[in-house]
Amino acid sequence: MGVYPEKIERVIGWLNLNDEEKRAIRELSKEIVEKMDEILPRVGKPQELYDAARHLIGRGKLLRGLLVMLINRVYGHRNKERALKLATAIELLHTASLIHDDIIDGAKMRRGVEAVHKKFGVNTAIVATDLLISIAYNISSELGERVIKAVSDAGRRMSEGEVLEGILEEPGLNDYLKVIDGKSAALIEAACLGAAVISGAPEDEIRAFASYGKHIGYALQIGDDILDYVGTEDLTGKTNPILSCFKRANIVEILMNDHKIPLKKAIFKAYEIGEKMAKRAIDELSWLDPEKREIFEEFTRIILKRPF
């Protein structure tokens with residue numbers, strides 16, 4: 001593919017882990033990129049469709065795919081090839097959702113490059129998402145009934161969350177949580193559940209990892225919303241949605257309106273809510289050996305407090 005995610009190096013730099021663990025994460029991320037390159041065709045007709053579908057591939061943080069592989073590592077990388085396929089399917093679905101978001105928002109850039117609809121046109125961008133989704137579901141179909149059901153249910157919930165956000169005129173906090181349950185939490189929950197299933201985890205551990213993923217998804221979206229106010233496009237690599245013509249539900253704005261508080265206090269309160277979600281996520285893994293749990297604790301920490 002020729003594109004190794006620069007953002008992964010930022011993520012690794014923020015992790016308080018030893019060099020051996022950082023090397024392991026770097027290697028896993030490279031394996032995910034290589035698997036995406038293998039599965040997503042470079043050449044097809046019309047070529048522009050395949051170029052559009054590949055435009056953002058390998059440029060993101062790969063957080064979702066890495067969580068799949070880190071859960072698989074807990075179980076000794078059992079069925080690793082299947083786990084890599086799931087990581088790829090999850091990353092392709094996430095990429096498709098970003099293309100949709102950028103079209104709706106009228107965004108100009110994503111992952112540090114021109115947004116797909118700006119470079120290739122709206123029509124091609126929409127069909128490119130169809131291609132990514134179809135390939136992702138095709139991969140998932142090879143991974144067992146429970147995994148394909150989890151992935152397809154996540155796709156449904158993501159669609160519901162996207163539309164719900166668009167039709168809510170004055171969302172409150174409960175409305176916001178319903179939106180991000182679909183838009184952000186659903187896919188990470190499916191990724192973590194699927195990883196545990198593929199790895200042969202017991203049922204109670206499958207449920208624990210699924211709940212971990214769900215609450216990580218909440219914390220991730222809250223972190224993104226805070227970055228809309230404190231981040232820069234140079235660091236995030238995407239157009240700030242606050243500056244776009246499409247109004248999105250943002251927890252900071254909701255807290256300012258609901259509690260009649262200034263921006264600084266709303267950001268602090270959003271952090272508090274995100275920290276509660278992050279703590280709930282880690283609490284779900286209290287049964288895990290401390291040495292194995294450490295990397296999930298670190299990912300949880302940076303998901304909320306990262307500057308990118």
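Predicted model: local features only at pLDDT ≥ 70, side-chain atom pairs only at ≥ 80, totals over all residues.
**Helices, a buried Asn and a nonpolar patch**

Trainee: Which helices do the buried residues of H13 pack against?
Mentor: Start with the buried residues of H13, among them Ala-266, Ile-273, Met-277 and Ile-282. Gly-274 is one of them too. The buried residues of H13 pack against helices H9 (173-198), H10 (203-230), H12 (251-259) and H14 (290-305).

Trainee: Is Asn-72 buried or exposed?
Mentor: Asn-72 sits in helix H4 (residues 63-74). Its relative accessibility is 0%. Buried means under 20%, so Asn-72 counts as buried.

Trainee: Which residue has its backbone oxygen 2.6 Å from a polar atom of the Asn-72 side chain?
Mentor: Leave out residues up to four places away in sequence, and Asn-72 touches His-77, Arg-78, Asn-79, Lys-80, Ala-83 and Ser-199. One of these has its backbone oxygen 2.6 Å from a polar atom of the Asn-72 side chain: Arg-78.

Trainee: Why does Ile-126 count as partly exposed?
Mentor: Ile-126 belongs to helix H7 (residues 122-140). Ile-126 counts as partly exposed because its relative accessibility is 36%.

Trainee: What is the area of the nonpolar surface patch with Ile-126?
Mentor: Val-122 and Val-127 make this patch together with Ile-126. Its area is about 210 Å².

Conventions
Residues numbered from 1 in each chain as written. Heavy atoms only, no water. Patch = residues over 30% accessible without salt bridge, like charges linked within 9 Å, V, L, I, M, F, W, Y side chains within 5 Å. Areas by Shrake-Rupley, 256 points an atom, 1.4 Å probe, with all protein chains shown as cover. Salt bridge = Lys/Arg side-chain N within 4 Å of Asp/Glu carboxyl O. Helix = DSSP H or I, 4+ residues; strand = E, 2+ residues; numbered from the N terminus. Buried < 20%, exposed > 50% of the residue type's maximum accessible area, 1.4 Å probe, protein only. Polar contact = N/O pair within 3.5 Å; in protein donor to acceptor, adjacent residues only side chain to side chain. Contact = heavy atoms within 4.5 Å.
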